[in-house]
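Visitor: I am new here. Please show me the structure and walk me through it.

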Amino acid sequence: MSTQKLKWGIMGCAGIAKRAVIPGVHLSEWNEVAAIASRNMEQAKQTASELNIPVAYGSYEELLQDSSLDVIYIPLPNHLHKEWAIKALEAGKHVLCEKPIALTAEEAEEMAAVSEKTGKLLAEAFMYRYHPRYELIKQIIDSGEIGELRGIHSTFTFNNAADTNNVRYKKEWGGGSLYDVGVYPISAARLLLEREPEAATTQAMFSDAHGGVDMMMSGIIEFPGDIALTFDCGMWTAFRNPLEIVGSTGIIQVPSAYVTPKPGSGNFFVETSDGRREVVVEHINAYTAQADHLAKAIKGEAKLAFGMSDSIRNMKVVDACLRSAEERARIVIS
């Protein structure tokens, strides 16, 4: 594999970019952050200075015109994902776009078509999937140690309700807890079960004080084989992000399923009639692993593990969950 690092441009100064993605890319073996852009030049310069980024731009257009850049990372508000991902692809850049990839499955399909046309990779930033423990979990499931799969339960919640000006609370911008954190349990269940859901039934708390978005959602997603994901997600409750996989003879418990900020936080437990054992997992930066995998795919050294077909399928489930909550009905997923 070529030792030349791919140059990344960061589109926007979002918290997730500054807090996690940029530091992760800085640690990457195959990538480097070369530029950052904001519609506020002073903000771009300040962020560039704080995070050791060589170049700052005062517009997204300037970023895309930089011929030295290979990859554009997009952490913009959800309603801007489609527009700027397409512009970046058409500018000849590969793209890592924050989840959710789009507002609807139809938007995701449009983005996928442009990726196919331009020959540039477009990936959705679900960093947790690149942590090696998920392969370990799948191996344990496949081994039969917990028997036949009976169901999955997962949650992802936090409390940010006091920040009423947050972009997460603008419905027209793709706000709401399902888009922000509910997409994680959905994608995890699909990843672990290796099958696509048949129907979704959800209930949500829509808050007038937060732009009418879903501040909490609970639901059941039906999979083939009489297996279901039960989940809840929220932005007005205590922080939690566990995952539980229930088998006929055992359970896999993942206390921190989607974030692994410190050594030991990636460990999980297997409980059967033989007892409860802890599976100790090497501590890695999932954001770094995500960036390095994308680099290998771009350089032709690996196949992209999660392409746009996966993102489209995930958005079909998200579409069904939102519709179910709004209509108070069970929605069949085509």
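**A tour in questions**

Guide: T288 touches G24, L27 and S28, not counting residues up to four places away in sequence. Contact here means heavy atoms within 4.5 Å. This is a predicted model, where local features need pLDDT of at least 70, side-chain atom pairs count only at pLDDT 80 or more, and totals for chains, interfaces and linings use all residues. Residues are numbered from 1 along each chain as its sequence is written, and side-chain values use heavy atoms, with hydrogens and water left out.

Visitor: In which helix is the place of T288?
Guide: Helices are DSSP runs of H or I with at least four residues, strands are runs of E with at least two, and both are numbered from the N terminus. By that count, T288 belongs to helix α8.

Visitor: Does T288 count as buried or exposed?
Guide: Buried means under 20% relative accessible area, exposed over 50%, and partly exposed in between, with a 1.4 Å probe and protein chains only. T288 has 10% relative accessibility, so T288 counts as buried.

Visitor: How far is the backbone oxygen of G24 from a polar atom of the side chain of T288?
Guide: A polar contact is a pair of N or O atoms within 3.5 Å; within protein, one must be able to donate a hydrogen and the other to accept it, and residues adjacent in sequence count only if both atoms are side-chain atoms. For the G24 backbone oxygen and the T288 side chain, the distance is 2.7 Å.

Visitor: Which residue in β5 stands opposite I72?
Guide: Strand β4 (residues 71-74) and strand β5 (residues 94-98) run parallel, joined by 4 bridges. Opposite I72 stands V95.

Visitor: Why do the buried residues of α2 line one face of the helix?
Guide: In helix α2 (residues 41-50), the buried residues are A44, T47 and A48. The arc is that of the directions from the helix axis to the C-beta atoms. Seen down the axis of α2, the buried residues line one face because they fall within an arc of 100°.

Visitor: Which residues are exposed on the other side of α2?
Guide: The buried residues of α2 are covered by elements including α1 (15-26), β2 (31-37) and β3 (55-57). On the other side, the exposed residues are E42 and S49.

Visitor: Which residue caps the N-terminal end of α2?
Guide: Look for a side-chain oxygen 3.0 Å from the backbone nitrogen of E42. That oxygen belongs to N40.

Visitor: Which residue in the turn between β8 and β9 has a positive phi?
Guide: Strand β8 (residues 199-207) and strand β9 (residues 213-223) pair antiparallel over 9 bridges. They form a hairpin with 5 residues between them. The turn residue with a positive phi, about 70°, is G211.

Visitor: How many of the residues of β10 are buried?
Guide: Strand β10 (residues 227-234) runs antiparallel to β9, with 8 bridges joining them. Strand β7 (residues 149-159) pairs with β10 in the parallel sense over 7 bridges. β10 is mostly covered, and the buried count among its 8 residues is 7.

Visitor: Which residues have the most contacts inside the largest nonpolar core?
Guide: A nonpolar core is a set of buried Ala, Val, Leu, Ile, Met, Phe, Trp, Tyr and Cys residues joined through side-chain atoms within 4.5 Å. The largest one has 119 residues, and those with the most contacts inside it are I245 and I252.

Visitor: Which helix gives the most to this core?
Guide: The helix in question spans residues 177-193. It gives 11 residues to the core, and its name is α7.

Definitions and conventions:
Pairing = 2+ DSSP bridges.
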